[in-house]
Amino acid sequence: MNRVVIHRQEKTGYIKPELHGQFIEFLGTCIYDGIWVGEYSKIPNYRGLRKDFVDAMKELHPPVIRWPGGCFADIYHWRDGIGERENRPVTYNENFGTCCLDTNQFGTHEFMELCRLVDAKPWLNINMMTGTPAEMREWMEYCNREEKTSLAAERKENGGKEAFKVKYWGLGNEMWCGGGNATPECYADQYRQFASAIPAFYSNAGKDEEKIVKIASGPDGNKPKERVKWTQNLFRSFAEFRQPPLDALDLHFYNWNLEKAEETESLFDEEDWYRVIRNCFELEDVIREQYSLIAEGVAGYPEAENPICEENKKPECALMVGEWGNWHGSSFSSIPALYQQCTMRDALTTALTLDIFHRNCNYVELACVAQTANVLNSLFLTEGDKFLKTPNFDVFKMYKVHQGAEALKCDYSMEKVDAEQILYTFASTKEDEIYVNVINIDFHKEHHIEMVFDVDVCYKESMLIYSQNPRDCNTFDHPDRIRARRGDVPEEIQRGYRAVVPSASVNLYVFKEQIYAV
Ligand code: AHR
């Protein structure tokens with residue numbers, strides 16, 4: 001029997017809502033078609049932003065959205081995307097084989113409007129490859145300056161009456177590849193210059209929640225040797241002389257599925273199912289490794305010669321995962337670029353990955369799934385006026401309860417099938433409720449689990465994401481084939497409940513702590 005003991009009295013960390021972040025980029029049809037259709041489109045829209053997309057995003061409470069890339073960020077000039085739309089320059093987008101004209105209709109103001117509508121914080125990634133510190137600085141001034149400068153006046157003229165107060169700023173993207181094939185040492189030098197050019201916004205200075213968060217490009221999480229070298233050498237370079245302002249390192253990790261050329265994201269066998277699912281667990285080790293390397297790196301900074309001076313204090317540097325998700329090899333030949341279907345396999349790895357972030361909430365500050373629409377591990381697929389929510393959407397929606405909850409200590413004793421664990425769980429609590437996720441990775445069989453608590457609880461409800469065939473996905477003909485639905489009531493046992501967990505499914509059980517008046 002599988003059994004998890006949930007310690008309601010032992011909270012292990014706060015689950016920042018930012019762990020459920022989103023990432024959108026000018027790539028394939030993520031933005032044009034997926035999010036932006038223009039205000040004169042027949043597709044219902046809110047001032048150009050597709051209504052079906054915005055309404056669905058609102059259901060998720062996305063805490064943060066990262067934009068404009070990705071690799072695209074390192075060739076993007078923000079001025080191309082402001083002002084009257086008909087006067088914006090037409091450029092060419094070759095990002096990952098997107099290969100089409102770019103009319104720059106979606107720019108800073110359209111992105112801010114999206115964030116406003118869905119109540120998400122914006123993360124802007126600046127251009128460090130073909131851009132300059134001056135261009136970055138002007139974008140920041142344009143977005144955040146409250147005082148009456150010419151750039152603030154231009155923002156107002158373009159419809160941004162209030163400063164956007166963008167908190168998250170990424171300095172470069174994947175600098176080891178698309179961002180310029182830099183060595184960590186070379187990037188460290190560039191970073192020093194850009195980070196030092198960031199303007200000060202004094203009205204924000206004292207308030208932590210409004211502080212500018214300066215995010216450096218982290219390593220390629222999929223290269224075990226290189227990622228260690230990147231982080232070590234970056235911090236060694238920073239340690240050599242006065243340290244530049246730095247708040248976070250942006251690690252990227254994709255669950256690559258490249259082993260079999262004939263396999264596609266929805267045509268796979270049982271072996272492929274287990275391989276892709278098991279590979280997603282590597283991220284947990286990468287997080288722990290990178291967290292330690294950051295801590296070592298910061299500890300390696302020399303003691304300040306003048307400790308009274310504020311800037312000389314040893315900084316804290318958080319770990320963020322700016323891009324994550326399944327990347328199936330078949331998407332390289334997709335049109336539009338990097339378009340992937342999302343099956344139950346993707347739903348399970350999405351749930352397992354979010355649980356990695358939940359479990360490691362003391363190590364990871366923020367994470368963004370790549371990407372929200374029409375690219376890789378998407379939550380939405382569109383084609384003209386057609387729109388659907390993938391099962392990944394349901395995972396995010398079902399898991400929303402964990403945003404702002406406290407992770408709980410759990411002890412497991414899990415059965416093994418062929419020496420491998422089959423059920424995976426995570427638990428958190430908010431107010432008097434306890435949320436327990438149970439994921440069954442068995443391709444064929446249901447399994448039983450006992451959920452036992454150190455306090456008295458009563459069952460409130462449960463939800464599950466399940467489909468008869470694990471290869472199932474939602475299509476434009478059957479957009480709701482897979483939808484989260486109410487689960488069966490578990491059987492009450494001593495100090496807890498016993499549940500039957502269907503094969504290849506993601507489940508959420510909600511319990512209420514019983515508090516007796518004495
Ligand atoms: O998400 C697709 C691409 O993957 C991004 O542009 C890049 O940052 C990464 O390599």
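In what follows, Ala, Val, Leu, Ile, Met, Phe, Trp, Tyr, Cys and Pro count as nonpolar, Asp, Glu, Lys and Arg as charged, and the others, Gly among them, as polar. The model is predicted, so that local features need pLDDT of at least 70 and side-chain atom pairs count only at pLDDT 80 or more, while totals for chains, interfaces and linings use all residues. Residues are numbered from 1 along each chain as its sequence is written, and side-chain values use heavy atoms, with hydrogens and water left out.

A cavity is a set of points, on a 1 Å grid over the protein atoms alone, where a 1.4 Å probe fits but cannot get out, and its lining residues have an atom within 4 Å of a point. Grid points are joined across faces, edges and corners, and a volume is the space filled by probe spheres set on the points. The structure holds four cavities of 30 Å³ or more.

| Cavity | Volume | Lining residues by class |
|---|---|---|
| Largest | about 60 Å³ | four nonpolar, seven polar, no charged |

Helices (H or I, at least four residues) and strands (E, at least two) are DSSP runs, numbered from the N terminus. Helix α3 (residues 133-144) gives three residues, the largest share, to the lining of the second largest cavity.

Strands pair if DSSP finds at least two bridges between them, and a closed barrel of eight strands runs β2-β5-β8-β9-β10-β11-β12-β13, with parallel pairing.

Technical notes
On a 1 Å grid over the protein atoms alone, a cavity is a set of points where a 1.4 Å probe fits but cannot get out, and a pocket is an open set with protein on both sides within 12 Å along at least five of seven lines; lining residues have an atom within 4 Å of a point.
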